[in-house]
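Hi,

Here is the structure I promised to pass on. Have a look at it first, and then read my notes below.

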Amino acid sequence: MAPGRKVLLAAAVAALAALIGVAFWRINELSLAYRELPVKHLNCQYLKNIDYGAEDVTILKDGLAFLSTGLHFPGMPSFSDDPGKMYVLDLLHPKPTPVELQIKGDLDLGSFNPHGISVYQDEADDSVYLFVVNHPQHNSQVEIFRYAEEDTLVHLKTVTHPLLYSVNDIVAVGVEHFYATNDSPFQYYLLQLLVVLLGLPLTDVVYYSPQEARVAAGGILGANGINVSPDKRYIYVSDILDHAVDVFERQDGEQLVFVKSVAVGSLCDNIEVDHRTGDVWLGCHPNGSKLSKYDPKDPPGSEVIQIKDILSERPVVSLEYADDGRQLMASTVAAPYEGKLIIGTVFHKALYCSLR
Ligand SMILES: *[C@@H]1O[C@H](CO)[C@@H](O)[C@H](O)[C@H]1NC(C)=O
């Protein structure tokens, strides 16, 4: 080899090594791998019948909680080969026990893979509509159900749209109207990784109604959980990779205008809003590297963060629950209700806790 070529080769090797170094540093930074997590426990019990995750949980004003369970998600462990299921539980009952919802209608239950969920209550007749992000065969679509008393969901329709290509979570704002987050611009893992390493904010929020579907907000690094303020004027989006919750104002024509970003210092997943106080509750992943590696001997932990007065000049961010994974692995959601809290996970159990 000519000396000139040797120098070039050495330079190329050095550049590659530097790139790999930067990539590692960036992954550690994004996944918060250096952050120590204190343990902070609450008075909790495991919810019966929930053994394969409850990725999302949402609670109606009258105390009925809905849970999506058994998610199969690329890159995440899942310990059941069964399709996913929906559960309901009544928090007004002295010993709330999740009951599997029977799904009626035209939906393939064998490939049901429920992810983010949202409920919409029609003021006119009190009907309850349940919106569920579904990933049959790794696709993304939204199922709309009507909750028919006791333990039945009636499937009304499936929504598919080219803009809804990698849906993570959803918030319903009408009987057939919703905002949804896309959590990744690409299906392929290597492309996803590249986008993340380069810090390209390519994920978005889509507004959908039977009349139209369009991007309502873009430029987000890792759009994940989404929810709405009690007065329905603001939309909250968790940017899981930016370790922040973004606040958007709903404008005429359902465009979202960015208001601000509140730092949370963790990889927060789903967002629930206390219907009384408007406080924001987040189920978060304290160490993203542990979650993606998944070693049962060194399990991924769980973390619940609350934001009080999110719309004020000085939002108060506080840690409400933290565990190293020995009690609860990979929390994704924390749903409050009158002094109680349900904490759900990607693939583990769910906790029912007292906040008093
Ligand atoms: C986060 O997870 C990685 C991968 O398992 C591990 O090397 C690192 O020590 C963890 N960080 C903390 C603070 O526990």
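Helices (H or I, at least four residues) and strands (E, at least two) are DSSP runs here, numbered from the N terminus. Before you go further, note that this is a predicted model, where local features need pLDDT of at least 70 and side-chain atom pairs count only at pLDDT 80 or more, while totals for chains, interfaces and linings use all residues. Residues are numbered from 1 along each chain as its sequence is written, and side-chain values use heavy atoms, with hydrogens and water left out.

**The sheet with strand 18**

Val245 also has its bridge partner in strand 18, namely Val262. In total, 7 bridges join strand 17 (residues 244–250) to strand 18, and the two run antiparallel. Two strands count as paired if DSSP finds at least two bridges between them. In the hairpin that these strands make, 5 residues sit between the strands, and Gly253 takes a positive phi near 80 degrees.

Zooming out, there is an open sheet of 4 strands in the order 15-16-17-18, with antiparallel pairing. Its edges are strand 15 and strand 18 (256–263), each of which pairs on one side only. On average, neighbouring strands of this sheet are turned by 25 degrees against each other, direction ignored. For that angle, axes are lines fitted to C-alpha atoms (for helices over the stretch in contact), and angles run from 0 to 180 degrees between N-to-C directions.

Next comes an open, antiparallel sheet of 4 strands in the order 19-20-21-22. Strand 19 and strand 22 (316–323) are at the edges with a single partner strand each, so one side of each has no neighbour in the sheet. Strand 21 (residues 302–308) pairs with strand 22 over 7 bridges in the antiparallel sense, and Gln306 stands opposite Ser318 in strand 22.

**Pockets and a cavity**

The search ran on a 1 Å grid over the protein atoms alone: a cavity is a set of points where a 1.4 Å probe fits but cannot get out, a pocket is an open set with protein on both sides within 12 Å along at least five of seven lines, and lining residues have an atom within 4 Å of a point. Grid points are joined across faces, edges and corners, and a volume is the space filled by probe spheres set on the points.

The largest pocket holds about 1500 Å³ of space. It is lined by 45 residues, and Phe73, Pro74, Met76, Tyr189 and Gln192 are the closest to its centre. Elements that each supply at least two residues of this lining include helix 1 (3–31), helix 2 (189–197) and helix 3 (288–293). The lining of the largest pocket has 22 nonpolar, 19 polar and 4 charged residues. In this scheme Ala, Val, Leu, Ile, Met, Phe, Trp, Tyr, Cys and Pro are nonpolar, Asp, Glu, Lys and Arg are charged, and the others, Gly among them, are polar.

The second largest pocket has a volume of about 640 Å³. Of its 28 lining residues, Ile59, Lys61, Val119, Lys232 and His275 are the closest to its centre. Strand 7 gives the largest share of that lining, with 5 residues. By class, the lining of the second largest pocket has 16 nonpolar, 6 polar and 6 charged residues.

What about cavities of 30 Å³ or more? The count is 1. The largest cavity has a volume of about 40 Å³, and among the residues that line it are Tyr52, His72, Phe79 and Phe347. Its lining has 5 nonpolar, 4 polar and no charged residues.

**The ligand**

Which residues surround the ligand? They are Ala33, Tyr34, Arg35, Glu36, Asn287, Ser289, Lys290 and Lys293, each with a heavy atom within 4 Å of it. A polar backbone atom of Ala33 is 2.5 Å from a nitrogen atom of the ligand. Asn287 has a polar side-chain atom 2.4 Å from an oxygen atom of the ligand.

How values were computed. A polar contact is a pair of N or O atoms within 3.5 Å; within protein, one must be able to donate a hydrogen and the other to accept it, and residues adjacent in sequence count only if both atoms are side-chain atoms.
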